[in-house]
Amino acid sequence: MNEYDSGKMADVLRACDGMVQTEKPEEADVILFNTCSIREKAEEKVFSDLGRVRTLKLANPNLLIGVGGCVASQEGAAILRRAPYVDVVFGPQTLHRLPQLLQARRETGRSQVDISFPEIEKFDHLPTPVLSLSKRPALGHAEGSQTNPGTAASTGSGQAYVSIMEGCSKYCTYCVVPYTRGEEVSRPLADVMRDVEDLVAQGVKEVTLLGQNVNAYRGTDWDGDMVDFAYLLQSITALDGIERLRYTTSHPREMTQRLIDLYATTPKLVSHLHLPVQSGSDRILAAMKRGHTVLEYKSIIRRVRAARPDICITSDFIVGFPGETEQDFEATMKLIDEVGFDNSFSYLYSPRPGTPAAELRDGTPREVKAARLKRLQDRIAEQEAGVARSMLGTMQRALVEGISKKDGNELAARTDNNRIVNFSGTAGMIGRFVEVKITRVVRHTLRGEL
């Protein structure tokens with residue numbers, strides 16, 4: 001979602017102010033920071049980075065510096081007290097107002113703050129992304145493969161993001177998202193379909209639907225009736241030109257049977273599901289206010305795998321939640337062994353201001369938590385390697401996304417189950433589906449032959 005929003009900031013300034021992006025900060029007229037506050041480390045990095053551009057502001061008084069995203073929403077005008085050289089502070093829901101905020105700063109000489117929650121207003125004011133599908137980089141020149149994150153890649157990667165909803169209404173006790181992005185608000189079905197159709201017309205073949213709680217989507221159709229996430233997926237996969245569909249991030253409470261059944265009937269829906277669980281202990285899940293039990297989570301996975309036997313499951317884990325005992329952690333390790341995850345995002349618990357969990361007592365030493373996290377990550381790495389080995393010798397249909405980051409003379413493609421495979425090919429293949437035979441496993445990537 002943050003990458004999507006960053007791309008939209010660039011789109012807005014390009015459309016309204018005629019700006020172009022530069023990779024050199026010293027050339028910039030405007031420098032924007034899009035921020036995340038889901039963990040303390042990310043939040044602190046914002047102020048560290050702001051300090052580094054302060055010298056540019058001293059050298060160029062006309063330079064405008066903006067802070068957007070969730071830290072902006074959380075801290076508001078407090079950012080100006082900590083970094084008074086910041087000119088504009090804006091939230092995730094007001095990024096479309098960037099041109100007006102920058103202009104007001106120029107005219108009044110006063111810093112501007114807008115962290116309001118105008119629901120889905122921003123989507124009505126964002127320009128349609130224009131994809132430069134003909135601008136494909138030459139092999140061996142990695143610097144030519146820069147993409148505009150959040151729209152579709154300017155190299156013609158054939159894939160793009162579409163945001164379908166904002167916010168979250170689950171109010172997990174550790175999570176700051178409902179306070180920084182607001183409660184769940186879904187875009188109308190017609191608006192989402194128009195975005196997808198525009199992208200298909202420009203050559204996009206794979207779309208990833210985005211939302212903080214994406215499968216909680218409840219939008220209105222053309223008649224004003226409410227439709228669910230499964231209906232939206234069916235509508236998109238019925239479009240000619242869409243060959244593959246992904247979504248992230250989902251919540252176990254919203255994995256309806258209608259949605260699960262699509263994995264048996266909809267080949268365009270990829271064989272990869274990211275379904276955060278956070279813990280394998282019912283006691284910790286209750287303290288987190290997740291709204292599901294371990295048994296319910298395992299039931300969802302069992303039904304999804306019955307519908308799509310080859311699906312890869314990835315998840316999120318928080319280690320060291322306040323009060324987590326060794327027994328609680330062992331329950332998480334048991335869940336990992338029982339489910340068999342392909343990958344995960346896993347972190348030490350980070351207390352966020354204003355959340356209920358931040359008030360909980362926590363007596364577990366940090367070194368104990370760190371040891372638990374390493375053990376968890378090592379076990380999932382073993383499972384990830386096992387999935388990779390099972391793919392050796394198989395034929396995979398993969399979308400070529402661009403130049404390989406590991407070798408500028410090769411291409412990188414993404415398989416249906418979300419694995420990157422590097423192989424020798426020509427730049428003309430970028431943005432197309434190819435058949436690749438998996439020949440080797442190299443750490444977190446695969447090696448293949450066309």
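I looked up the largest nonpolar core in this predicted model. A nonpolar core here is a set of buried Ala, Val, Leu, Ile, Met, Phe, Trp, Tyr and Cys residues joined through side-chain atoms within 4.5 Å. Buried means under 20% relative accessible area with a 1.4 Å probe, protein chains only. This core has 56 residues, and Ile 164, Leu 209, Phe 229 and Tyr 247 touch the most other members. I also noted a second, separate core of 18 residues, with Ala 28, Phe 47, Ala 72 and Leu 80 among them.

Next I listed the contacts (heavy atoms within 4.5 Å) of Phe 229. Leaving out residues up to four places away in sequence, Phe 229 touches Ile 164, Leu 209, Val 214, Asn 215, Tyr 217, Arg 218, Tyr 247 and Leu 259.

Which strands pair with β2? Pairing needs at least two DSSP bridges. β1 (residues 30-35) runs parallel to β2 over six bridges, with Phe 33 opposite Val 67. β3 (residues 88-90) is also parallel to β2, over two bridges, and Val 88 in β3 faces Gly 66.

For the record, residues are numbered from 1 along each chain as its sequence is written. Local features need pLDDT of at least 70 and side-chain atom pairs 80 or more, while totals for chains, interfaces and linings use all residues, and side-chain values use heavy atoms, without hydrogens or water.

Technical notes: Buried means under 20% relative accessible area, exposed over 50%, partly exposed in between (1.4 Å probe, protein chains only). Helices (H or I, at least four residues) and strands (E, at least two) are DSSP runs, numbered from the N terminus.
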